[in-house]
Amino acid sequence: MLILLDPNSGVPTYRQLVDQIRFQMASGRLVAGSELPSTRALSQELGINPMTVSKAYSLLEAERLVLRRPGLPLEVLALSGPDADAERDEQLRVLLEPAALAARQLGMRPAKAVAVFRQLLSDIVDYEERDQ
């Protein structure tokens with residue numbers, strides 16, 4: 001599980017953990033049944049306090065995204081149907097919000113900003129098709 005923390009982001013570390021685990025679930029990198037690293041293992045790997053990892057895991061559990069099993073690692077629960085679509089939409093919305101703000105600050109018309117985004121998506125699809 002790849003987690004990159006930014007100590008200068010202004011976002012609390014536990015929140016960065018929650019957001020990145022949620023993103024990995026929405027993207028399919030963490031699938032249902034996957035096990036999360038133990039609190040101790042992840043805190044050592046990231047060089048953070050175990051209580052920070054514990055807080056992040058508790059939030060994920062409260063959101064019913066993971067299952068706590070006594071004596072066993074946390075298990076990722078399935079995102080399916082409308083929940084999965086809503087989670088992907090939310091993840092993309094969060095990522096696009098700064099881009100939308102930048103487009104507005106640059107004085108771009110919405111149609112032009114959407115055209116730029118469509119072109120970027122098209123470029124990525126073309127690249128993926130060439131790579132196969």
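Biologist: How much area do domain 1 and domain 2 bury between them, and what makes it buried area?

Modeller: Domain 1 and domain 2 bury about 390 Å², 54% of it on carbon and sulfur atoms. Buried area is the accessible area (1.4 Å probe) that two parts lose on being put together, summed over both. In domain 1, Arg 22, Phe 23 and Ala 26 lose the most area to domain 2, together 93% of what that side buries. This is a predicted model: local features need pLDDT of at least 70, side-chain atom pairs count only at pLDDT 80 or more, and totals for chains, interfaces and linings use all residues. Residues are numbered from 1 along each chain as its sequence is written, and side-chain values use heavy atoms, with hydrogens and water left out.

Biologist: Where do domain 1 and domain 2 lie in the chain?

Modeller: Domain 1 covers 13-76 and domain 2 covers 82-129; such bounds come from an automatic or database domain assignment. Their C-alpha centres lie 27 Å apart. Four residues from each domain take part in the contact, which means heavy atoms within 4.5 Å.

Biologist: Why is the pair Arg 22 and Glu 87 called a salt bridge?

Modeller: A salt bridge is a side-chain nitrogen of Lys or Arg within 4 Å of a carboxyl oxygen of Asp or Glu. The closest N and O atoms of Arg 22 and Glu 87 are 2.6 Å apart, so the pair meets the rule. Across the interface of the two domains the rule finds one salt bridge, whereas the whole structure has nine.

Biologist: What makes Glu 35 and Arg 69 a salt bridge that links distant parts of the chain?

Modeller: Their N to O distance is 3.1 Å, and therefore it falls within the 4 Å limit. Glu 35 is in the loop between α1 (13-27) and α2 (39-46), and Arg 69 is in strand β1 (residues 66-69), 34 residues apart. Helices (H or I, at least four residues) and strands (E, at least two) are DSSP runs, numbered from the N terminus.
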